[in-house]
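These notebook entries record what I looked up in the structure shown below. I kept them in the order of my reading.

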Amino acid sequence: MTQLGTWQARLTATTAPAAVILIRFYVGAVFLFEGIQKFLYPDELGTGRFDKAAIPAPGFFAPLDGGFEIACGALILAGLLTRLATPPMIVNMLGALLITKLPILWGDAPLFDGASGWWDFVHESRTDLAQLCGSLFLLIVGAGAYSLDAHLHPTATA
């Protein structure tokens with residue numbers, strides 16, 4: 001096997017069961033739909049939200065983030081290059097938690113007026129935490145038996 005073939009095999013190989021499709025569907029759909037909404041509703045979910053959260057260069061970072069969410073969400077949904085699509089989304093969720101949710105703990109979150117403390121943080125972070133955990137899970141186990149990755153290496157799936 002060539003070096004490129006070995007790299008591709010490691011990237012797409014999965015021994016995860018078919019049930020992983022449930023996690024892939026959830027994680028991929030949420031990223032895909034949230035990315036689309038950054039363009040459909042830029043004032044509320046795209047550039048305007050990034051500006052309100054004091055993220056620098058919101059006109060650059062909001063569309064970049066939305067584009068990554070659309071592309072990676074679609075790849076995750078299809079189960080294609082899943083291990084390549086999840087790291088950017090892990091970084092995305094860590095950024096969302098650190099920049100927009102962590103300030104809730106000390107009551108200084110521009111996106112969440114009046115929210116402060118542990119319980120408000122946990123409540124507002126639930127989707128980000130679920131997306132982070134789902135993405136980490138997919139990075140570790142791969143796309144599962146019902147995926148394009150599995151079809152690229154059918155002997156590697158169980």
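**Entry 1**

I began with Phe33, which is found in helix α2, residues 20–40. I took helices as DSSP runs of H or I with at least four residues, numbered from the N terminus. The model is predicted, so I noted that local features need pLDDT of at least 70 and side-chain atom pairs count only at pLDDT 80 or more, while totals for chains, interfaces and linings use all residues. Residues are numbered from 1 along each chain as its sequence is written, and side-chain values use heavy atoms, with hydrogens and water left out.

Phe33 has a relative accessible area of 48% and is therefore partly exposed. Buried means under 20% relative accessible area, exposed means over 50%, and partly exposed lies in between (1.4 Å probe, protein chains only). I found that Phe33, Ile36, Leu40 and Tyr41 make a nonpolar surface patch of about 400 Å². Such patches take residues with over 30% relative accessible area and no salt bridge; nonpolar side chains (Val, Leu, Ile, Met, Phe, Trp, Tyr) are joined within 5 Å, and like charges within 9 Å. The areas come from the Shrake-Rupley method with a 1.4 Å probe, and for residues only the protein chains shown count as cover.

**Entry 1. Salt bridges**

How many salt bridges does the structure hold? I recorded three, a salt bridge being a side-chain nitrogen of Lys or Arg within 4 Å of a carboxyl oxygen of Asp or Glu.

One of them joins the side chains of Asp65 and Lys38, at 3.6 Å from N to O. This pair links distant parts of the chain, with Asp65 in helix α5 and Lys38 in helix α2, 27 residues apart. Asp65 has a relative accessibility of 14% and so counts as buried; Lys38 is buried too, with a relative accessible area of 11%. I also listed the contacts of Asp65 (heavy atoms within 4.5 Å). Leaving aside neighbours within four places in sequence, Asp65 is in contact with Lys38, Phe50 and Asn92.

Glu69 also forms a salt bridge with Lys38, and the closest N and O atoms are 2.9 Å apart. Because Glu69 lies in helix α5 and Lys38 in helix α2, this pair ties together parts that are 31 residues apart in sequence.

Lys101 is in helix α6 and Asp128 in helix α7, 27 residues apart, and the pair links distant parts of the chain. Both residues, Lys101 and Asp128, are buried. Through shared partners, salt bridges join Lys38, Asp65 and Glu69 into one network.

I then examined helix α6, residues 82–101. This helix has 20 residues and reaches 27 Å from its first C-alpha to its last, close to the 28 Å expected at 1.5 Å a residue; the expected span is 1.5 Å times one less than the number of residues. The buried residues of α6 include Met89, Asn92, Met93, Ala96 and Lys101.

Which residues of the largest nonpolar core touch the most other members? In this core of 14 residues, they are Val27, Phe31, Ile76, Met89, Met93, Leu132 and Leu138. A nonpolar core is a set of buried Ala, Val, Leu, Ile, Met, Phe, Trp, Tyr and Cys residues joined through side-chain atoms within 4.5 Å. The elements giving two or more residues to this core are α2, α5, α6 and α7. Helix α6 gives the most, with six residues. Apart from this core lies another of 10 residues, among them Ala62, Leu111, Phe112 and Phe121.

For Val27, again leaving aside neighbours within four places in sequence, I noted contacts with Ile76, Gln131, Gly134, Ser135 and Leu138.

**Entry 2. Loop between α4 and α5**

Finally, I checked backbone angles. Ala54 is placed in the loop between α4 (47–52) and α5. The phi of Ala54 is near 65°, a positive value in a residue other than glycine. With a relative accessible area of 63%, Ala54 is exposed.

Ala57 lies in the loop between α4 and α5 and has a positive phi of about 50° although it is not a glycine.
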